[in-house]
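Have a look at the model first, then read the points in order.

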Amino acid sequence: MSDTAAPAISATGLTRYFDLRCVVNQLDFDVPAGKVTALLGLNGAGKTTSIRMMMGLLAPTRGRCKTLGVDSQSLSPENRRRIGYLVEGHYLYPWMRVSEIAKFTRSFNDHWDQQRFAEIVAHFAIDARQRAGELSRGQRAGVSLAATLAADPELLIMDDPALGLDPVSRRSLNETLIDFAGQTTRDGQPRTVLLSTHLIDDVERIADEIAVMIAGRLLIHTSLADFQIRVDRYAMEVSPDEDPAALLSKLQAIASGIIEARMVGKHVLICVADAPNDFAEKLKSLAHGDVERLTTSLDDLVVAYLSRERAEHSFVTRTHHGKDCIDNDFLVSTLERSR
Ligand SMILES: Nc1ncnc2c1ncn2[C@@H]1O[C@H](COP(=O)(O)OP(=O)(O)OP(=O)(O)O)[C@@H](O)[C@H]1O
């Protein structure tokens, strides 16, 4: 899929207030067609509110959003047919058998794929004769997923679909998603997935792109590979009487992308984006011992961003103009002592 194709979702200045509180703040966010994009953020970051505006279920206070090329506030039933929307909770009529849920849902869906429904249901080890009320939470998630995907959506938006699922159900969900995202629709359109989640391990398995929201703002949006390449962690040994504020200033003087610096025991753990080539060398000149570049999981990197109270260093590789934009306006770091 070419990166120049029109985005599946394109939000411009999307903003939402509840009373006087701004919960989504000037969101510029393109969700590329044909890719799986994971939207991350702490509780209350504004993910669900953003998704509801993208789905046309909530009006923005300012700004706008095009979903599959149409203003999200004016999506027709035909437009909506191309969008699958799955939220956590997975409500199903408890008295319906799984097979009846399929029959019921397909009755208002021209593109229904019964084989896909049956395969997904089987993947979650569900007997189609069971009633929804008898299913476990994971199985209910499986039926909702099957019903959503059997409708052959071009755009799939999922809000925390794996919430509360056991590891086996989560694996089934992830495998189903990977399989689904890799296929085109019956009309030959690439499939796009936007997934809000707290499960970073899952993101690593299924997402192409990662977007991070903090306090209503989009802080990072880039490819997963780029994120992992651009963000690094180091451990630097320091003297026990090191002054944290002075050390932080020195760190910021050698790299503008300091995301987090935490004192743990006699080490400072530093998370940095776009570190200059000589960063490790310069750290050595500040250290009172070893400097080590840490092998770091995606979880470590994301948590370093999320653990800040305020949005700090950010990079959004996917702008409307397709160019990289590094926004250091939010670079306000504090060095924390946690010993
Ligand atoms: N209808 C509403 N009225 C008032 N405040 C709301 C409403 N909906 C959401 N909020 C507030 O907006 C903020 C953002 O909520 P939102 O559900 O978008 O966050 P989220 O990132 O999806 O969080 P979570 O990860 O917990 O699902 C929260 O502080 C929430 O309390």
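1. One definition before we start: two residues are in contact if their C-beta atoms, placed from the backbone, lie within 7 Å. By that rule, Ile 270 touches Arg 233, Tyr 234, Met 236, Leu 251, Ile 258 and Ala 261, leaving aside residues up to four places away in sequence. Keep in mind that this is a predicted model.

2. Ile 270 also turns up in the largest nonpolar core, which has 87 residues. Together with Ala 211 and Val 212, Ile 270 has the most contacts inside that core. Helix α5 (residues 137–150) gives the largest share of the core, seven residues. Where does the core lie? Domain 1 (9–215) and domain 2 (230–337) both give residues to this core, so it lies between them.

3. On to the two domains themselves, which come from the domain assignment of the chain: domain 1 covers 9–215 and domain 2 covers 230–337. In domain 1, 12 residues are in contact with nine residues of domain 2. On the domain 1 side, β2 (21–31), α7 (200–206) and β9 (209–214) each supply at least two residues, and α7 gives the largest share, four residues. By class, that side of domain 1 has eight nonpolar residues, four charged ones and no polar ones.

4. Now the ligand. Which residues are around it? They are Phe 18, Val 23, Gly 41, Asn 43, Gly 44, Ala 45, Gly 46, Lys 47, Thr 48, Thr 49 and Asp 160. Helix α1 (residues 47–54) provides the largest share of this shell, three residues. Sorted by class, the shell has six polar, three nonpolar and two charged residues.

5. Helix α3 (residues 98–106) is worth a look too. Val 98, Ile 101 and Ala 102 are buried in it. Viewed down the axis of α3, the buried residues fall within an arc of 100°, so they line one face of the helix. The buried residues of α3 pack against α4 (114–123) and α5.

6. Last, Gln 130, in the loop between α4 and α5. Is Gln 130 buried, exposed or partly exposed? It has 15 other C-beta atoms within 10 Å, so Gln 130 counts as partly exposed. Gln 130 touches Arg 97, Val 98 and Leu 135, not counting residues up to four places away in sequence. Gln 130 and Val 98 are 32 residues apart in sequence, yet 6.0 Å apart in space, C-alpha to C-alpha.

Methods
Residues numbered from 1 in each chain as written. Predicted model: local features only at pLDDT ≥ 70, side-chain atom pairs only at ≥ 80, totals over all residues. Near = placed C-beta within 6 Å. Nonpolar A, V, L, I, M, F, W, Y, C, P; charged D, E, K, R; others polar. Core = buried A, V, L, I, M, F, W, Y, C linked by C-beta atoms within 7 Å. Buried ≥ 20, exposed ≤ 12 C-beta atoms within 10 Å, placed from the backbone. Domains from an automatic or database assignment. Arc of directions from axis to C-beta.
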